Every structure is written in structure tokens, then in C-alpha cells.
Amino acid sequence: MVSKPRAERLRSWLARYGFFLVLAAGIGYWYFRYMVVHEIAWSEQAVITPDGRHLPAEEALQFPCVVHFYASWCGPCVAELPKLSGFAASHRHIRIYLITDDSAEKAQRVSEAFGLNVLRADDLDDFGVHTIPVTYFYDKRHEQVMATQGAVAWDNHSATQPIENLFSQ
């Protein structure tokens with residue numbers, strides 16, 4: 001029995017599995033581009049306060065805190081706002097800030113409807129936020145200690161227990 005030349009075997013293998021290699025490479029690129037939660041350099045970022053002032057983010061936020069990025073057009077973001085509001089009401093010792101690139105009017109409506117601190121940003125991409133919702137947790141030294149991508153079950157005690165433990169220290 002004569003074996004196929006190496007080049008022909010490689011062509012055959014690539015014809016059979018090449019699509020999956022390209023697909024895996026593409027998924028890997030998009031995963032790391034959009035799904036990996038990045039560290040935010042707060043000293044380099046600015047936010048817009050409810051009264052329209054542009055402030056350095058480090059000045060606007062009081063640490064330790066939870067920073068939650070959302071948008072009004074995002075279904076999961078809007079769905080979790082009532083639960084996040086309930087969590088904030090029952091955990092007044094935890095500072096929670098919402099950051100959005102929505103208009104001032106939309107941000108004000110969310111702030112009034114849910115009683116949450118809403119700050120605005122010109123572009124969430126400036127913070128390295130490419131998908132929402134995303135939530136960051138910071139200690140008193142301004143260091144990120146935890147982050148979650150996607151909606152958080154704010155009304156589920158077992159899901160929020162690590163958050164409570166983080167801020168009880």
C-alpha cells in the first residue's frame with residue numbers, strides 16, 4: 001500500500017477540519033476582545049455627573065464601591081435594574097454607581113425611578129467596556145477585586161454573598 005504524499009494528506013486534513021480552525025480562531029479573537037473583563041484605569045477616565053459637570057472618575061466615585069455599566073437599550077440591563085435597586089436599598093453600606101452612555105434625560109429617569117447613583121460617560125469604550133452589562137467591585141485602595149460579565153442575580157442571596165463578604169471587611 002502506497003501512502004499519500006505529505007502535502008496531499010495536509011490538504012485533505014485542512015479541507016476536512018480547516019473551517020473549524022478558522023472558526024476557533026475567530027471565536028477566540030472576539031472572546032478576548034469583547035468578553036474578557038478588563039482592569040479600568042480610573043485616573044484616566046472622566047464621567048458626567050447628574051448636574052452636567054465633567055469630573056475625573058476617581059473624584060466622582062467613593063471607594064469601596066460597585067460600578068455597574070448599563071444602557072437603556074440593553075434588555076438584560078433594564079431587566080436587572082429593579083433587582084439592583086432592591087439590593088442597593090437593603091445594602092446601604094455598599095456604594096453602587098451606574099455608568100451609562102445614554103442621554104442625560106434617560107440617565108435621570110433611571111436615577112429617579114430606581115434611586116440609584118447614575119453617572120454618564122461619553123463613550124463606554126473609553127473604559128474598555130465593550131459588552132454590557134458588566135459590573136466591577138473595588139476595595140478602599142481603588143483596586144479591582146472582582147468583576148462579572150452579564151447580568152447579576154441581585155435578588156439571589158447565594159449569588160450576592162461574595163459581594164456582601166467583600167464589603168463587610
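**View 1. The buried side of helix H3 in this predicted model.** Residues three or four places apart on an α-helix point the same way, because each turn takes 3.6 residues. What lies over the buried residues of H3? The cover includes two strands, S3 (65–69) and S4 (95–100), along with helices H4 (104–114) and H5 (157–168).

**View 2. The length and bend of H3.** Helix H3 covers residues 75–90, which makes 16 residues. At 1.5 Å a residue they should span 22 Å, and the end C-alpha atoms sit 24 Å apart, so the two values agree. Now find Leu81, where H3 bends by about 35°. A proline, Pro82, follows within four residues.

**View 3. The disulfide between Cys74 and Cys77.** The sulfur atoms of this pair are 2.5 Å apart, and the count for the model comes to 1 disulfide. Is the link right-handed or left-handed? With 75° about the S-S bond, the link is right-handed. Both partners, Cys74 and Cys77, are buried.

**View 4. Another cysteine, Cys65.** Cys65 has a relative accessible area of 0%, so this residue is buried.

**View 5. Thr49 in its loop.** Look between strand S1 (46–48) and strand S2 (54–56), and you'll find Thr49 in the loop. Is Thr49 buried or exposed? Its relative accessibility is 9%, and buried means under 20%, so Thr49 counts as buried. Leaving aside residues up to four places away in sequence, Thr49 touches Leu55 and Leu119.

Technical notes
Residues numbered from 1 in each chain as written. Predicted model: local features only at pLDDT ≥ 70, side-chain atom pairs only at ≥ 80, totals over all residues. Heavy atoms only, no water. Disulfide = S-S within 2.5 Å. Buried < 20%, exposed > 50% of the residue type's maximum accessible area, 1.4 Å probe, protein only. Expected span 1.5 Å × (residues − 1). Bend = angle between axes of the 7 residues up to and from the residue. Contact = heavy atoms within 4.5 Å.
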